[in-house]
Amino acid sequence: MLSFTQFITEATHTGGIAHIEHPSDRSFDSQEAAHHALETLRGVAHGKTPITRKIDDRMSFHAIRTPEGKIGVKYKGAGSHYNYSAADIEKQHGHKPYLVGPLKALHAHLGKVLPKKPGEYQGGYMSEPHGRSEYNTHISHTPNTIEYRAAAGSEEAKKLKQSKVSATIHTELKGPERVAHPITDMSHFQSHPDVHMVQHLVSPEERKLHPSVKAQADEHLNAAEKLMKGHTYGHLSGHETHLRTYINRTVSSGEKPSVEGYRKHLEAAHQKLVDAVKTPAAKERKTVTMNAQLAQVDKHKKEFQRSFQIHHHLQQATNHLARGLDSSGGGGFTTHINGAPAGGEGYVAHGLKVVDREGFSKANRERSAILRASRGKK
């Protein structure tokens with residue numbers, strides 16, 4: 001079992017944040033990975049594991065304070081470079097007004113809250129005043145899929161209403177290689193009414209879950225642990241990516257993962273690869289690979305089924321924990337999707353994401369599908 005510091009070190013990534021895995025999906029990788037996922041979730045259930053809150057922002061950005069004191073911002077997308085003035089932003093992104101506005105607001109105000117010493121950071125843009133809605137009961141903004149509501153009169157509502165830009169800053173990029181390190185202490189950041197800082201850290205008090213949530217999570221974690229005893233992982237070799245793709249598909253479809261369902265998915269995925277090449281020799285090579293992987297599934301049906309059972313229990317435990325944290329650790333906001341109460345984007349613990357796949361993940365995928373469809377009609 002890796003310590004928090006060790007895992008964070010291994011999870012760092014040059015130039016930004018590496019992909020963060022679902023604990024349940026790690027059970028497809030190895031015995032060590034599966035047990036790390038199990039123990040991480042146990043720590044979350046009992047309030048012992050440090051947690052950060054995932055924020056459903058509108059745009060990822062990098063910000064820098066240079067040794068000379070200059071403030072620069074840039075879109076996180078590939079090929080972007082730092083802008084040190086509004087003119088720089090217009091020159092680089094003038095053809096993309098959806099980037100120009102947020103970057104100008106960030107450039108104008110982030111310097112008021114960034115640490116005074118030189119440093120480079122990664123975060124997410126949330127909103128400006130024109131992107132918020134105010135009612136008698138609350139003020140809210142909807143950067144992406146999730147609507148964040150702060151109750152009228154609350155400290156969070158006052159800060160949001162007064163600010164000229166709302167953002168979250170969760171990562172520091174260190175050294176010549178700009179290695180990403182999650183920020184676990186915000187005390188070196190400054191405070192200013194023009195900048196509403198969405199809190200990504202979950203306090204020890206917010207990590208205290210209701211006993212019923214702990215009981216539900218422990219039930220599934222105990223079941224997963226029992227199934228892990230004597231379980232082997234060799235049959236999963238070479239299937240790690242296909243299994244993740246299959247699981248994501250079942251999240252969208254509502255299908256229960258099964259060996260039969262995975263075999264059909266695997267065959268269809270390989271057949272696409274076969275059909276994509278033209279020469280008989282290339283088709284033969286890819287067909288051989290397909291048949292070998294299908295034979296592996298057929299030979300180890302019981303082992304694959306047990307893997308899916310372990311995955312199920314780890315994911316159910318994760319779902320319960322994410323919902324429990326939404327109730328206790330909202331960070332001053334309640335979250336809604338399409339006007340209805342819903343969970344947040346999730347949390348990160350020991351480098352793994354604690355996300356309700358039946359809630360946010362499914363809603364976000366549905367929204368992405370709608371956006372893709374709308375773009376196709378243009």
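**Salt bridge and sheets**

Mentor: Let's start with R244, which forms a salt bridge with E21, the closest N and O atoms being 3.2 Å apart. Salt bridge here means a side-chain nitrogen of Lys or Arg within 4 Å of a carboxyl oxygen of Asp or Glu.

Trainee: Which parts does that pair tie together?

Mentor: R244 is in helix α8 and E21 is in the loop between α1 (4-11) and α2 (23-26), so the pair ties together parts 223 residues apart in sequence. Helices are DSSP runs of H or I with at least four residues, strands are runs of E with at least two, and both are numbered from the N terminus.

Trainee: How many salt bridges by this rule?

Mentor: The count comes to 21. Before we go on, this is a predicted model: local features need pLDDT of at least 70, side-chain atom pairs count only at pLDDT 80 or more, and totals for chains, interfaces and linings use all residues. Residues are numbered from 1 along each chain as its sequence is written, and side-chain values use heavy atoms, with hydrogens and water left out.

Trainee: Okay, sheets. What's the order in the open sheet of three strands?

Mentor: That one goes β1-β13-β14, with antiparallel pairing; two strands pair if DSSP finds at least two bridges between them. Its edge strands are β1 (51-53) and β14 (352-354), each pairing on one side only. The twist averages 30° from one strand to the next, with axes being lines fitted to C-alpha atoms (for helices, over the stretch in contact) and angles running from 0 to 180 degrees between N-to-C directions.

Trainee: And which helix packs on it, touching β1, β13 and β14?

Mentor: Helix α3 (residues 31-45) does, and its direction makes about 45° with that of β14. Contact means heavy atoms within 4.5 Å. Then there's α11, lying across β1, β13 and β14 at about 65° to β14.

Trainee: How many bridges join β13 to β14?

Mentor: Three, with β13 (residues 347-349) and β14 running antiparallel. A349 stands opposite L352 in β14.

Trainee: What about the open sheet of five strands, what's its order?

Mentor: β5-β6-β7-β11-β12, with antiparallel pairing. The edges are β5 (132-134) and β12 (340-341). Helix α6 (residues 155-162) packs on this sheet, touching β5, β6 (138-141) and β7 (147-151), and its direction makes about 55° with that of β6.

Trainee: Switching topic: how much space lies in the second largest pocket?

Mentor: About 450 Å³. On a 1 Å grid over the protein atoms alone, a pocket is an open set of points where a 1.4 Å probe fits, with protein on both sides within 12 Å along at least five of seven lines; lining residues have an atom within 4 Å of a point. The volume is the space filled by probe spheres set on the points, which are joined across faces, edges and corners.
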